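I am opening a notebook page for a structure that is new to me. My plan is to look up a few contacts and write down what I find.

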Amino acid sequence: HASPIFKSLNILKLPDIVKANNVLLTHHTINNKSPNTFNNYFKIKQTHHQHMTTNNPNSEYSIPKGSLEIPDYKTKSGKSSIRYACSHDWNSALKKLSIKLPTRYNSSDNWLQSISANTLRYLLKQYFIEEY
């Protein structure tokens, strides 16, 4: 199996590189550091209640603070769009990193948005490599 080799060499697999770049594009866009074409491309999901399943990142049904609304596409091509992929990868990374780093999650509603791109890149790489 190749995973131990990737882990020992401290490099990411291609699907994880794509996911990390999707999350970084989203981060840049949310922080207004991407081209104007992407303005209003992503929308932060607003939760209107404080149920523990909503704000508890350990819950299977949680919607962590700072999650994005995922576009409601019915077609296969819609679900393969960059907007859908980036929103999905952002929410997945947010949830997984919030579980791994509970102090950061509890510190701010938009903690993932507020960290630097280099810190985010580092956290994503460490998370993916630990999963191998």
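I began with the term salt bridge, by which I mean a side-chain nitrogen of Lys or Arg within 4 Å of a carboxyl oxygen of Asp or Glu. I note that this is a predicted model, in which local features need pLDDT of at least 70 and side-chain atom pairs count only at pLDDT 80 or more, while totals for chains, interfaces and linings use all residues. Residues are numbered from 1 along each chain as its sequence is written, and side-chain values use heavy atoms, with hydrogens and water left out.

**Entry on charges.** I found 2 salt bridges in the structure. In one of them, Glu130 joins Lys100, with 3.1 Å between the closest N and O atoms. Glu130 belongs to helix α8 (residues 117–131) and Lys100 to helix α5, so this pair ties together parts 30 residues apart in sequence; helices here are DSSP runs (H or I, at least four residues), numbered from the N terminus. I then looked up exposure, where buried means under 20% relative accessible area, exposed over 50%, and partly exposed in between (1.4 Å probe, protein chains only). Glu130 counts as partly exposed at 46% relative accessibility, and Lys100 counts as partly exposed at 33%. I also looked up the salt bridge of Asp72 with Lys74, whose closest N and O atoms are 3.2 Å apart; Asp72 and Lys74 are both exposed.

**Entry on two helices.** I looked next at how α2 (residues 14–30) packs on α5 (residues 82–100), and read an angle of about 95° with the axes 8 Å apart. The axes are lines fitted to C-alpha atoms over the stretch in contact, and angles run from 0 to 180 degrees between N-to-C directions. The two helices α2 and α5 are therefore roughly perpendicular to each other, a term that covers 65 to 115 degrees. Among the residues that meet, I listed Leu25 and Ile30 in α2, and Ile82 and Trp90 in α5, contact being heavy atoms within 4.5 Å.

**Entry on Thr29.** Which residues does Thr29 touch, not counting those up to four places away in sequence? I found Ser34, Phe38, Tyr41 and Phe42. Thr29 has its place in helix α2 and, at 8% relative accessibility, counts as buried. Of its contacts, Phe38, Tyr41 and Phe42 form one aromatic cluster, where rings of Phe, Tyr and Trp (its six-membered ring) pair if their centres lie within 6.5 Å. Phe42 is buried as well, with a relative accessible area of 12%.

Notes:
Parallel < 35°, antiparallel > 145°, perpendicular 65-115°, else oblique. Phe/Tyr/Trp six-rings, centres within 6.5 Å; stacked < 30°, edge-to-face > 60°.
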